[in-house]
Each structure stands twice: as structure tokens, then as C-alpha cells.
Amino acid sequence: MSTQNTPYKIYLEENEIPKVWYNVRADMKNKPAPLLNPGTLQPMSADDLSPVFCRELCEQELNNTDREIPIPQEIQDFYKMYRPSPLTHAVFLEKALDTPAHIYYKFEGNNTSGSHKLNSAIAQAYYAKKQGLKGITTETGAGQWGTAMAMACSFFGLDCKVYMVKVSYEQKPFRREVMRTYGAEVTPSPSDTTQVGRKLLAEHPGTTGSLGCAISEAVEVAVSTEGYRYVLGSVLNQVLLHQSVIGLETKTACDKYGIKPDVIIGCAGGGSNLGGLIAPFMGEKLRGEADYDIIAVEPASCPSFTRGIYAYDFCDTGLVCPLAKMYTLGHDFIPSPNHAGGLRYHGMSPVLSQLYADGYMRAVSAEQTSVFAAAELFARTEGTLPAPESSHAIRAAIDEAIKCRETGEEKTIIFGLTGTGYYDLVAYQQFNDKTMTDYIPTDADLEKGFASIPKVDL
């Protein structure tokens, strides 16, 4: 593919912002397994889910048939604040790598939350407001989702209660303060404000927390507080649906300039960014219209795809959420506190898990010092300080480009730059001071988490 006439940054027109979300489940021959009721272990209906989630989001969660879901006008209007986002040709990174590969990245950090999370946060806040709710509860790991949700709730005049993983609450005070500036109440998790939090603190004194812990606390508060519902920033089908705007814009830009990607790469924690980026491309692959090498990149310290088990597991540590069939490290797994970014959830999206199990994508893991080395090179060549999460995708894109240099192949690589790293400077300081270390769980470490996976026979 010639790139002579391709702009450095490809900006779509405002009227090219997607007006529908793409539901990849409609094109999946093997649908993701249903969520199970934690009490009965039976598939959950919309009525079962409605005490936890907004009604319309329950319908989206269970919709395996409609390929396109219209985006309400109010959400389309909000998207115009920061969308369409640019698809950038990484010519300076290519030059530094001396590679024949063509590298592009879809940048989702051009909003105050600094990440792609706002694409779903505004949708979930809209449906909460439409239902007449007073507020929402949620969790956040590195803080991107909590920040996005605080912004979205502020826009619609909703209360926002955020349970933030304790290690991130302590390491990322600036992101915490952005949430508070937008009116959110932020609590380090596990906390003594909930029954499940007090139980976890008693069982694990001094714990630095996990997303599973924070989810349990947020759900407990939502179901016990009149006029509140719980919202989640990744993993769920509804979130991947909303994030499909990333991939739809990317596909439109590619079609507009005749770009045909060979390799598509996304960082993977719970799956929201990866699922959104690859959505329309995966649809083509599922329908037999095109083929792509799709790569999920996860941290070596939390390797649910590459070392996890595909099984039904609880979505939270407190066992109050539904069970999902996913690649999981066990709901009791808690990542090492030296793990600097997000991507710390114990499981992976059921949609992506099914696609991975069916061989439509592959996965690799990366150690964090290698990830930050890739982030440093990207910052010095492309001018943007990337989020640690995004830098996992950068690492894999660089590795693929180096392979092209060694083989002479002229591949086109697209990766997702999920956000900026300006709230992650403590981690960058550790890398610059050479105090950052790598942690790869041993098989014995993982077995402790695997032991918590319930035996579900369906």
C-alpha cells in the first residue's frame, strides 16, 4: 500500500461521527455465554439485571441479534465535543525503527478524562438520567473510567460515587482530584463504608485492593440506595457496544484513504478499548469478507488471556455480581502493587473471550519495564506521552514493526492509543529512576487465584 498521499493526521468530518453502534455479537456464530445469577446459577434476564443496571442497558447487554443500535441524539451531540478522534500515521516512529511497516494509531485521549472511557460513560449516564435516577456508583482502577464517569454525571446532573482501587487512589492523587472537581465522591477500596469492604479488610489486612474488590463495594451501595444503579467501564457487552465508535471511525478513515490494515493491536484489561477498536474489522472477519491479524496485549503481571482459564467466574471479589464465562485468573486474584497502570482486572470480556477461544484473535503479554521503554520511544518520536495501558499496544506494534524490518515485509499496523499518561507520572518517575521492577506471577501464584473459580457445570 502506498502512503505517499496519506495525511500525517486523518481527521474525519463531524458528519462522519457514527450514528449507530455496531454489535459484533450479531455476526458471531458462537455467541458469548450468558451471564449467570450468582444465587441460582441460571442465565439472567433483563428483569434479573435491572436492580443493578439501568433498564435500557440491560436490554443492550442481552442483545445478540441487532447488528446496529442507534446512538441517541443527545449522545451524538456530546460526542462532538471530542469526536471524531484522529487516526495518525506514525511516520516518526517508523523512521526511528527503520522499518518498512506502516504504523497508524487511533488516539482517544483528546478529552479531559484522557482516555476512550468517555465513549461509554456518557452513554451510561444518559440512560440513567432518562430512567429518572438520582445517581450511579462505579469502580475505577487507574482512574480513567472514574474520571470519565464523573464528567458524564456532571453533564447530566447525576450523583457519582466512585470506589477507587486503593493502590491507585494513593499513587494517582491528581486523577482523583479531577473526579472530585467534577463532583464525584471518591473512596479508596476496599473501605470500611460497606459490608463487603469490611469483610475484605478483615480477611486481607493491608491489601492494596483490586477491581474485583471495588466492583463489589460499588454494587452493594447501588442496590441498597434508592434511585441509584451501578455502571461498569469495561468487560460487559454494553460497554464494548458503546466503544465500537472507535473502530467505526477507524474503519471510515481507512476506507477514505485506501488503508488496508494487516495487523490490529489493542491493550487488553477487561476489553473495552480492544473490543471497540477491532469491532468492525472483526465483523468483516466473522462474515468472511476480510482477514486481519488481531492482537490483544496484556500485562505479564495480570495475564488473563495468556495464562488464565476459560471458565465461569464471579465478576467481583465479594461474589455479589453475576458470573461470566471468560478467561480468568480467579476472582480472588489481586495484581502485584508494583503494577503501575490499569489493566488489572482478573477476567476478560465474554465477547473477546469467545472470539479468542474460537481463534479469531491472538494474545501476547508484556513486562512493564519493556512497556515503559516503548512508551519513552513513542513520546520522543511522536510527541505524546502515552498512558501505561496504551503503551502495551505500542510495545506490540514496535515488536511487529521490527519483525517487518527483519523480514522486509511491508505490513500496515494499526493500534489503539487509548489515552495520555500525564496523570501517571509517578510510574514514569519510577521508570526514569530505574526503580521500576517487573513482576510475573509464578504458577503457584496463579493457582491461588484459580482455586477461587467456582465449579459450574452447564
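How many residues does helix H5 have, and what span should they cover at 1.5 Å a residue? Helix H5 runs over residues 118-130, and its 13 residues should span 18 Å; the end C-alpha atoms are 18 Å apart, which agrees. (The expected span of a helix is 1.5 Å times one less than its number of residues.) These legends describe a predicted model, in which local features need pLDDT of at least 70, side-chain atom pairs count only at pLDDT 80 or more, and totals for chains, interfaces and linings use all residues. Residues are numbered from 1 along each chain as its sequence is written, and side-chain values use heavy atoms, with hydrogens and water left out.

**View 1. Helix H5 and what covers it.** Helices (H or I, at least four residues) and strands (E, at least two) are DSSP runs, numbered from the N terminus. H5 is mostly covered, with 11 of its 13 residues buried. (Buried means under 20% relative accessible area, exposed over 50%, and partly exposed in between, with a 1.4 Å probe and protein chains only.) Among the buried residues of H5 are Leu118, Asn119, Ile122 and Tyr126. Their cover includes strand E2, the helices H2 (55-62), H3, H6 and H11, and strand E6. After H5 comes glycine 132, which has a positive phi, near 80 degrees.

View 2. Leu211, Cys213, Glu217 and Val221 are among the buried ones. The cover over them includes strands E6 (135-140), E7 (159-165), E8 (185-189) and E9 (228-230), together with helix H9 (195-203).

**View 3. Serine 210, in the loop between H9 and H10.** Serine 210 counts as buried because its relative accessibility is 3%. Not counting residues up to four places away in sequence, serine 210 touches Val165, Thr317, Phe333, Ile334 and Pro335. (A contact means heavy atoms within 4.5 Å.)

**View 4. Glutamine 243, a residue of helix H11.** Is glutamine 243 buried or exposed? Glutamine 243 is buried, with a relative accessible area of 0%. Leaving aside neighbours within four places in sequence, its contacts are His116, Lys117, Asn119, Ser120, Ser272 and Gly276. For a sense of scale, glutamine 243 and proline 173 are 70 residues apart in sequence, and their C-alpha atoms are 27 Å apart in space.

**View 5. Glutamate 74, a residue of helix H3 (residues 73-79).** Glutamate 74 is partly exposed, with a relative accessible area of 42%. Its C-alpha atom is separated by 41 Å from that of arginine 307, which is 233 residues away along the chain.

**View 6. Tyrosine 79 and the largest nonpolar core.** A nonpolar core is a set of buried Ala, Val, Leu, Ile, Met, Phe, Trp, Tyr and Cys residues joined through side-chain atoms within 4.5 Å. The largest has 73 residues, and those that touch the most other members are Trp21, Tyr79, Met149, Leu352 and Met361. Apart from this core lies another, of 27 residues, including Val52, Val219, Leu236 and Cys321. Beyond its neighbours within four places in sequence, tyrosine 79 is in contact with Ile17, Trp21, Ile71, Asn119, Ile122, His242 and Val245.

**View 7. The largest cavity.** On a 1 Å grid over the protein atoms alone, a cavity is a set of points where a 1.4 Å probe fits but cannot get out, and a pocket is an open set with protein on both sides within 12 Å along at least five of seven lines; lining residues have an atom within 4 Å of a point. Grid points are joined across faces, edges and corners, and a volume is the space filled by probe spheres set on the points. The largest cavity holds about 410 Å³ of space. It is lined by 33 residues, with Lys117, Leu211, Ser234, Gly270 and Leu343 the closest to its centre. Helix H12 gives the most to this lining, with three residues.

**View 8. The largest pocket.** About 190 Å³ of space lies here. Val20, Tyr22, Glu68, Leu248 and Pro280 lie nearest the centre of this pocket, out of 13 lining residues. Helix H11 supplies the largest share of the lining, three residues.
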